[in-house]
Amino acid sequence: MQRMLLAHQRSKGFVPYTSKNFPFQRSHIMAVCVQKDWKNAETPIEAMKQFFGGAREEGKHLPPLQLSLDSGDNDEERDSTLISFYKESRDKSQWAAPFNCRILGDTAVGVGVMRHILSSSISKLKHGFKKNMGNAAVTALFEGETDHLVPSLSAALLECDLFMMAGRMVGHSAIHGGPTLSGLSPAVIDALTCGAKEMATAKLCLEDCPEIDHRETISLLLKDEWSEEESVRVANLCLEWYIPGPTKDTNRLLLFQRLLSHSVLGRANGQIKQLRKGLKETGIWPLITGRPDVVPHLFPRQSDVELTPPSKFPTMIIEAIKWPLAKENDSDDSEDDIAPATVSAIAMFFQTFVEQASPDLLRQLLKFWTGWEVPVKSLSLQVVTSHGRHHLPTASTCYERLCIPDHYNSFVSLQSDLMICLRSVESGFGVI
């Protein structure tokens, strides 16, 4: 009977719904299966890979997100474009759609541009946008010491929904395998991801208070005795924050915790809520609540994201490089007849540059080479035929390939040109 029904349907032009006829349905089912597996993954890293991989698989069939920056714009104009893009409200699924980026006036295309933009977004969250919001040339969304960063208390940033924008940036970068937001206060991370004030308060420390004068005043509560001036300072701070001032019967340790909690978490409650809302809008919240063990990887300590101890950083990069041989130069710009001695000499100059560079400079080198500072397993180095002494090193970020012209005959000349290239990292690819 079923065969007769199918034959009748085909004779009328109907095609039964099967995975063969509907590849979208088949891939959607595969993505859903992957999404179910992340909860049972053995490690948080594997859970993140499965969750984000499933999200990207579903997003393949959505219209891509398009972002264009202009290489001719100044820093403030580029940052304004970036802010406008992430302030725009979108459906959750759209953040997992293909992310097509371009820099107008720049020759670079492909995934390397996406890496550059995601890396720049997270970097600006930590170090500030070059946009004047009324009182400074650089607008920082977070302030304080490394690994104790807390949201800025600027009312203007809150009113402009910039912390919601920050949450979208973090979620979007995570979905596409980009850098994470490191260096936040553990108490802020707990308040953001758990929402339990008691748990967050337990992780507070004085370094979480970014205002030095407030920090010093709160620390007085750890002293056994106060001078008259110190008593006045504590009383005035309690009055300013509408907290009952100390008396002879006051438990100073409890007052210390209350003042510190209000200083770090209470005053930034609105900012933390916006961050949480931005994260939820990107669709990664089920991962955070379903696998709390991924939180330290989404918001790691700065020391944990260091690619390797500073002393071993050069070694890590050198070991990842596929070193050039003249006979292997098969790119369009390279020729098989480059002298092996020239290739060896330039490779030696480059290795010396890596060995002598600071960790920060090596991170810039990775961003120039691959588009971001996220570690990669393999780096390709090629020596190519020079088009003249003004021919600078170039990078194909999509393929993690760095091409060095063969006209360098000294370490100093290569070092000078590499420094010029690394200074272009923040503005784009081909503009120096």
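## Terms and model

A polar contact is a pair of N or O atoms within 3.5 Å; within protein, one atom must be able to donate a hydrogen and the other to accept it, and residues adjacent in sequence count only if both atoms are side-chain atoms. This is a predicted model, where local features need pLDDT of at least 70, side-chain atom pairs count only at pLDDT 80 or more, and totals for chains, interfaces and linings use all residues. Residues are numbered from 1 along each chain as its sequence is written, and side-chain values use heavy atoms, without hydrogens or water.

## Arg301

The side chain of Arg301 makes a polar contact with the side chain of Asp147, at 3.5 Å. In sequence, Arg301 and Asp147 are 154 residues apart. Their C-alpha atoms are 5.7 Å apart.

Arg301 sits in the loop between helix 15 (295-298) and helix 16 (302-305). Helices (H or I, at least four residues) and strands (E, at least two) are DSSP runs, numbered from the N terminus. Arg301 is partly exposed, because its relative accessible area is 38%. Buried means under 20%, exposed over 50%, and partly exposed in between (1.4 Å probe, protein chains only). Beyond four places in sequence, Arg301 touches Asp147, Ser182, Gly183 and Pro186. Contact means heavy atoms within 4.5 Å.

## Cys398

UniProt, in an unreviewed entry, places an "active site" at Cys398. UniProt positions follow the numbering used here, feature names are shortened, and annotations may be inferred rather than shown by experiment. Cys398 lies in the loop between strand 7 (394-396) and strand 8 (401-405). Its relative accessibility is 25%, so Cys398 counts as partly exposed.

## Ser380

Strand 6 (residues 379-384) holds Ser380. Ser380 has a relative accessible area of 18%, so it is buried.
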